[in-house]
Every structure is written in structure tokens, then in C-alpha cells.
Amino acid sequence: MDQKTYNPYVSAQTQFDNVADQIGLDNPTRDLLREPSREFHITIPVKMDDGTAKVFKGYRIQHNDARGPAKGGIRFHPQETVDTIRALSMWMTWKCAVVDIPLGGAKGGIICDPRTLSMAEQERLCRGYVRQLAKVMGPNFDVPAPDVMTNAQHMLWMMDEYETIQGSHAPGTITGKPVGMGGSLGRTEATGYGVIYTLREALKALNIDITSTSASIQGFGNVAEHAARLFTKLGGTVIAVSCWDNEDKKSYTYRNLNGIDIEKLASIKNSFGSIDKQKAMDLGLELLDGDEWIAQDVDILLPCALENQITPATLEKISDKVKVICEGANGPTTPDSDEIIKAKNIFVIPDFLCNAGGVTCSYFEQVQCNMNYFWPKEEVLEKLDQKMTSAFHAVHELSQSKNLYMRDAAYVIAINRVAEAVKLRGWI
Ligand code: NAD
């Protein structure tokens with residue numbers, strides 16, 4: 001992988017500055033929107049199972065709430081950094097704005113490795129996080145959700161702690177909860193399905209028949225697995241999947257040039273999205289180096305794992321066959337790669353549009369919690385498809401009419417909506 005290091009916050013600000021210049025955004029609005037509004041840096045003391053205590057560092061960063069309560073996931077990751085969370089909080093603001101849901105942007109994280117913590121330790125960590133932040137979260141203020149290495153159980157513990165502190169039910173304070181406990185049907189699939197709804201529309205616009213396409217995916221977690229499932233259901237072929245192997249502390253790419261059976265692959269993954277190597281080989285999959293996913297001779301690349309994976313260095317390995325990059329992950333492409341992607345004439349579905357299905361369904365979850373009435377899965381997915389499809393077309397039409405790169409067109413729509421909210425409120 002590329003040796004140059006990229007700071008996602010610098011990337012997020014660079015992308016913002018470029019578009020702010022293009023649309024002639026006034027300086028006060030620019031100053032407001034290029035940084036988070038509020039940051040909370042916390043320490044969380046946790047009693048470990050062996051009787052010792054350990055202190056974890058955590059963050060909640062609220063970028064902007066002009067269009068509605070701040071919204072964004074909480075990550076558990078040993079290498080989490082405050083700048084990554086700042087960048088992610090900014091991207092959340094643009095994400096909610098581009099799909100036009102009445103929410104702002106936030107993100108949270110705890111520096112920890114849940115793979116080395118017992119369930120009881122994880123529960124205490126979740127509850128400790130909420131105890132530190134209960135005063136600055138809530139259905140009308142800031143609404144967390146799952147993200148990398150956090151899941152519905154973590155969200156439920158957090159909600160329970162919040163309700164205990166508040167002394168009342170408040171299921172709309174957190175999304176991604178288990179179905180039956182305030183969760184929405186369809187939330188598990190929502191981000192990955194949303195990725196493919198936008199891909200389906202992009203392929204239509206490019207006059208490419210999805211059934212003739214092949215794809216290579218980085219990641220096999222929540223986003224990637226469900227994207228792969230819907231892509232294959234629509235007739236596409238996934239030939240390669242890359243993911244992290246925690247035993248060997250490196251990533252591998254699993255390949256079958258005739259197409260991977262996604263159902264079977266899902267049956268040999270663990271809850272952190274890692275695949276059992278031996279079982280994969282038993283299924284007849286080739287085992288390649290982790291970075292090889294990007295070098296495959298495919299029509300579509302789906303980076304659905306991490307930031308900074310598509311760089312000028314890794315782009316050198318991309319096949320001439322690639323027509324679409326579908327950014328399921330947040331910030332998978334560095335800003336210095338965009339010119340190269342344009343020159344290669346590759347169509348990009350930018351991250352904060354492509355992966356907005358998760359937050360859109362989280363918004364539906366909040367709406368259902370507020371009503372205390374839950375929709376059937378088909379209804380949730382139909383509403384999700386409508387939102388994602390119309391957001392894709394709004395961005396695509398602007399990109400066509402103004403001859404803008406898809407990422408810039410998405411930013412123009414999102415920044416204009418947030419800037420308008422800031423002005424209408426009279427903040428600037
Ligand atoms: P996850 O924890 O479920 O899965 C992450 C996957 O990435 C795992 O399969 C893991 O093995 C893989 N991975 C980690 N390091 C890797 C490496 N070096 N090489 C190859 N694969 C590697 O996470 P997720 O929820 O699927 O999120 C993936 C991305 O999508 C993140 O950028 C996240 O911020 C973004 N995202 C998630 C959601 C959501 O609803 N879950 C919504 C929007 C955006």
C-alpha cells in the first residue's frame with residue numbers, strides 16, 4: 001500500500017475548500033463549516049474482568065447541526081485518531097444534506113480493540129461512554145449509531161444507559177438498535193443496499209448492463225457484505241473480496257475468477273468481517289495479497305473498508321477495464337487521486353452519497369421510534385431506494401449540466417443546503 005500518510009481531516013477540508021472556492025462561499029460560512037462546531041474528548045474508566053481498571057480515550061465530535069440534530073456513528077478502533085473523527089463528522093453533515101434528511105453531522109469513537117475485550121468489558125465501556133456524554137446527546141441534539149466494530153448490541157447498551165440517566169424512554173436517542181428493541185427492519189442491509197442502489201442508477205446512466213459486470217470489493221463487513229449480496233442478486237459477479245485477518249495481522253484478497261458465492265463467503269466470516277482462510281481455500285478461493293483487490297480486471301471497484309485506499313500509488317495498479325468506483329467506505333480516496341481518476345475517465349460515486357443509505361435508514365428508525373410504530377422491511381427498503389435514487393439523480397444531473405466531477409457536484413448540493421440553513425437561522 002502507499003507509503004505516503006494521509007490525514008483524513010486534511011482531505012475533508014481540502015475537498016471542502018475546493019468546492020467552497022467554486023461556489024464562492026462567503027468567508028464566515030466557510031470558517032464555520034470547515035471545522036467542527038463542538039468536540040468532546042473524554043476518558044472512560046472501565047473495570048476489567050480480572051479486577052484491574054483501564055482507562056480508554058473516547059471522542060464525540062459534532063460538526064454542524066443547522067439542519068437538525070447531529071447524527072453519526074461511533075467507532076471502536078485501536079488506531080482511531082481525533083482527526084479521523086473530525087473528518088467523519090464533517091462528511092456526516094454533507095451526507096445528511098445530500099440525501100436531504102433533516103439531520104446534521106457528528107461522529108464518535110473509542111480507542112480500543114473490542115476483539116480483545118469480553119462482552120462484559122464492552123458493555124461497561126459502552127455505558128461509560130454514555131455517562132460521559134449523556135448531557136450532550138439525545139434525540140433532539142445528537143444521535144449516535146453503529147460504525148466500524150460497533151453493532152446493535154453496543155447501541156442497545158448505550159440507549160439503556162442514556163434512558164437510565166434520563167429516567168425515561170428515549171429510543172430515538174440512538175439508532176442501529178436490535179429489531180424489536182427500537183431498531184428498524186432493513187437497517188442491517190441499508191448501507192450496502194444503498195451503495196448498490198446508486199451503482200444501479202450509475203450503470204443505467206452509463207448504459208452498462210449490470211448483469212454483464214464484475215466487481216472487486218475491499219472489506220466484507222456490514223457494508224461490503226450487503227453490497228455484495230444485492231449486487232449479485234441484480235446479476236453482477238463479485239470476483240474478489242479483500243479483508244483483514246486478525247491472526248496474521250494483515251489483509252488478504254480472496255478470489256474466484258468465475259464469481260464468489262457470497263452466501264457461502266458470509267457463512268465463513270466472523271462478527272468483525274474477517275474470513276476464515278482455511279475454509280475459504282476449502283471453498284476453492286485463491287488467497288492473494290490484501291492489496292490485490294484493487295488490481296483486478298473488473299468493471300467496478302467497491303472500496304468498502306477503510307480511508308485512504310485509493311491513492312496515486314494504488315491507482316497505478318488499477319486495470320483499464322475499471323469503469324466505476326463505488327465508494328462504500330468513508331474517505332477511501334485521497335484528494336490527490338481525483339485528477340488521476342478524472343483522467344482515466346472512471347465514474348465515481350462519492351462516499352457521502354454512495355454510503356448514505358445507513359444514515360437514511362437510521363433517520364427512518366428515529367421517525368419510527370418517535371411514532372412508536374414500525375414499518376415492514378419492504379416499506380423501509382422501498383423508501384430507502386427512493387431517497388438514494390433521487391439523491392443520485394440530483395447529483396448526476398448537476399454534474400452533467402455544469403460539467404462537474406461527481407464528487408464536486410455532491411459537495412455543491414450539500415454545502416449549499418447547509419450554508420442556506422446557517423443563513424436562514426441567522427447565524428451568519
Ligand atoms: P465493519 O467493521 O463491519 O467491516 C470492516 C471490514 O473492513 C471488515 O471486513 C474488515 O476485515 C475489513 N478491513 C479492515 N482493514 C482492512 C484492510 N487493511 N484491508 C482489507 N480489508 C480490511 O465496518 P463497516 O460498518 O462495514 O464499515 C466499512 C466502511 O463503511 C467504513 O469506512 C465505515 O465508516 C463506512 N460506513 C459504514 C456504515 C454502516 O452503516 N456500517 C455507514 C456508512 C459508512
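## Basis of the model

The structure is a predicted model. Residue numbers start from 1 along each chain as its sequence is written.

## Shell around the ligand

The ligand is surrounded by 26 residues, and the closest of them are Arg75, Thr191, Phe220, Gly273 and Asn330. By type, the shell consists of 11 nonpolar residues, 11 polar residues and four charged residues.

Three secondary-structure elements each give at least two residues to this shell: helix H6 (187-205), helix H7 (222-233) and strand E7 (237-245). The largest share is that of E7, with three residues. At the level of domains, both domain 1 (34-171) and domain 2 (188-349) contribute residues to the shell, so the ligand lies between the two.

For Arg75, a side-chain N or O atom is 2.9 Å from an oxygen atom of the ligand. For Gln218, the corresponding distance is 3.5 Å, and the ligand atom is a nitrogen.

The protein backbone also takes part: a polar backbone atom of Trp244 is 2.9 Å from an oxygen atom of the ligand. On its own the ligand has 830 Å² of accessible area, of which the protein covers 89%.

## Cysteines

A disulfide requires two cysteine sulfur atoms within 2.5 Å, and the count by this rule is zero. Two cysteines illustrate the result. The cysteine sulfur closest to that of Cys96 belongs to Cys361 and is 13 Å away, which is too far for a bond. The cysteine sulfur closest to that of Cys361 belongs to Cys369, at 11 Å, and this too is too far for a bond.

Is Cys96 buried or exposed? Cys96 counts as buried because its relative accessibility is 0%. Cys361 is likewise buried, with a relative accessible area of 0%.

## Glu327 and Ala343

Glu327 sits in the loop that runs between strand E11 (324-326) and helix H11 (338-343). Its relative accessibility is 0%, so Glu327 counts as buried. The side chain of Glu327 forms a polar contact of 2.5 Å with the side chain of Thr333.

Ala343 belongs to helix H11. With 68% relative accessibility, Ala343 counts as exposed.

## Residues with positive phi

Most residues other than glycine have a negative phi. Which values does phi take in Lys249 and Asn345? In Lys249, which is not a glycine, phi is positive and near 55 degrees. In Asn345, also not a glycine, phi is positive at about 60 degrees.

Lys249 is located in the loop between E7 and strand E8 (250-255). Its relative accessibility of 52% is over the 50% cut-off, so Lys249 counts as exposed. Asn345 is located in the loop between H11 and strand E12 (347-349). Asn345 is exposed as well, with a relative accessible area of 68%.

Terms used
This is a predicted model: local features need pLDDT of at least 70, side-chain atom pairs count only at pLDDT 80 or more; totals for chains, interfaces and linings use all residues. Side-chain values use heavy atoms; hydrogens and water are left out. A residue is near a molecule or strand if one of its heavy atoms lies within 4 Å of it. A polar contact is a pair of N or O atoms within 3.5 Å; within protein, one must be able to donate a hydrogen and the other to accept it, and residues adjacent in sequence count only if both atoms are side-chain atoms. Accessible areas come from the Shrake-Rupley method with a 1.4 Å probe; for residues, only the protein chains shown count as cover. Helices (H or I, at least four residues) and strands (E, at least two) are DSSP runs, numbered from the N terminus. Ala, Val, Leu, Ile, Met, Phe, Trp, Tyr, Cys and Pro count as nonpolar, Asp, Glu, Lys and Arg as charged, and the others, Gly among them, as polar. Domain bounds come from an automatic or database domain assignment. Buried means under 20% relative accessible area, exposed over 50%, partly exposed in between (1.4 Å probe, protein chains only).
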